[in-house]
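This briefing goes through one protein model by topic. Please look over the sequence and the structure before reading the points below.

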Amino acid sequence: MRVFEIEKIIEKEFPPETAYEWDNVGLLLGRHDAEISKVLVALDVTPETAEEAKACGAELILAHHPILFGGTKRITDESEEGKMLLDLVENRICVYAAHTNCDVGVRGLNTYLAALFELSEVEYLDENGLGRIGNIKKAVTLADFAEEVKRKLRTPHVRAGGDLTRLVRRVAVGSGACADSIPRALSKGADVMLTADMKYHEMLNAVHSGICVLDAGHYPTEAVVTDIFGKLLEGKGLEVVKSKEADVFKYL
């Protein structure tokens, strides 16, 4: 397939116009008419991901987190990002990102998390489509729910805010950094919000407002995006390889 054909598949599911205004989605590197037979799906585009694409022969990296943020003005080998981009160009590896448009998608990342935790009566958490809220089958303690989160997101560590003995049933999920959605979760009756990247005062304010919070980390709440991308490209005549990337945080 050519890149523009793959773009149509992705953008039918995750339209670029649904991405946040500040985001950087779509084809970020490469030619629209480049021929693609193998795709590496990943959370991030890093020097390690680039090496992985080269090693497996992928002509396209489909990632969740974009590159070229922050007004890049030159691409040289003086920076790590510049060296990586030059390496990708020289090896004719294209890069496509589906970020916040995947977060808010009907079959996107937050829908996946809601299904993973078997939430029922699911609703959008925010009006813009970010986050989901629903009910688990039966009330469990915050401590027990934290253990389920660790198991299902395959992470050895979560940070919990709130009474560990409190029974929780109504659950809000927000992939990545969704602390801003906590007031909305509280207004919709959530007992607990599952998200990532909580700052100290954000957690303090949340707990004092009456909601429990589980911070499972950015990577664990979003790494499942490779499953979404893999399913999206299934049966399209492409070989899809899932990146072996790991969480940048190590738990000691």
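**Briefing on the fold**

V41 has K242, a residue of β11, as its bridge partner. That bridge is one of four through which strand β2 (residues 38–42) and β11 pair in the parallel sense. The model is a predicted one.

**Whole chain**

- The protein chain contains ten helices and eleven strands.
- Its radius of gyration is 19 Å, close to the 18 Å that the globule rule gives for 252 residues, so the chain is as compact as a globular protein of that length.
- The C-alpha trace spans about 55 × 40 × 30 Å along its principal axes.
- Of the 252 residues, 50% count as buried.
- The accessible surface of the chain is about 12800 Å², and carbon and sulfur atoms hold 52% of that area.
- Among contacts with a separation of 6 or more, 66% are between residues 24 or more positions apart.

- In general, strands of a sheet pair through backbone hydrogen bonds, in either a parallel or an antiparallel way.

**The six-stranded sheet**

- The other open sheet described here has six strands in the order β5-β6-β8-β9-β10-β7, again with mixed pairing.
- β5 and β7 stand at the edges with a single partner strand each, so one side of each has no neighbour in the sheet.
- The twist of this sheet averages 25° from one strand to the next.
- β7 pairs with strand β10 (residues 212–215) in the antiparallel sense, over three bridges.
- The bridge partner of R159 is D215, which belongs to β10.
- Helix α8 (residues 200–209) lies across β7 and β10 and runs at about 40° to β7.

- Most residues other than glycine have a negative phi.
- E118 is not a glycine, yet has a positive phi of about 55°.
- The place of E118 is the loop between α5 (109–116) and β5 (120–124), and E118 is partly exposed, with a relative accessible area of 41%.
- R154, also not a glycine, has a positive phi of about 55°.
- R154 sits in the loop between α6 (142–152) and β7 (159–161), and is exposed at a relative accessible area of 78%.

**Aromatic rings**

- A search of the whole structure finds three aromatic pairs.
- In one of them, the ring centres of W22 and F69 are 6.4 Å apart and the planes are at 35°, so the pair is tilted.
- W22 lies in the loop between α1 (3–13) and β1, and F69 in the loop between β3 and α3 (80–90), so this pair ties together parts that are 47 residues apart in sequence.
- W22 is exposed, with a relative accessible area of 51%, and F69 counts as partly exposed at 38% relative accessibility.
- F117 and F145 form another tilted pair, with 5.8 Å from centre to centre and 55° between the planes.
- This pair links distant parts of the chain, 28 residues apart: F117 is in the loop between α5 and β5, and F145 is in helix α6.
- F117 counts as buried at 2% relative accessibility, and F145 counts as buried at 0%.
- Y20, W22 and F69 form one aromatic cluster.

Note on methods
Residues numbered from 1 in each chain as written. Predicted model: local features only at pLDDT ≥ 70, side-chain atom pairs only at ≥ 80, totals over all residues. Heavy atoms only, no water. Pairing = 2+ DSSP bridges. Helix = DSSP H or I, 4+ residues; strand = E, 2+ residues; numbered from the N terminus. Buried < 20%, exposed > 50% of the residue type's maximum accessible area, 1.4 Å probe, protein only. Axes fitted to C-alpha atoms, helices over the stretch in contact; angles between N-to-C directions. Contact = heavy atoms within 4.5 Å. Rg over C-alpha atoms; globule rule 2.2 N^0.38 Å. Areas by Shrake-Rupley, 256 points an atom, 1.4 Å probe, with all protein chains shown as cover. Phe/Tyr/Trp six-rings, centres within 6.5 Å; stacked < 30°, edge-to-face > 60°.
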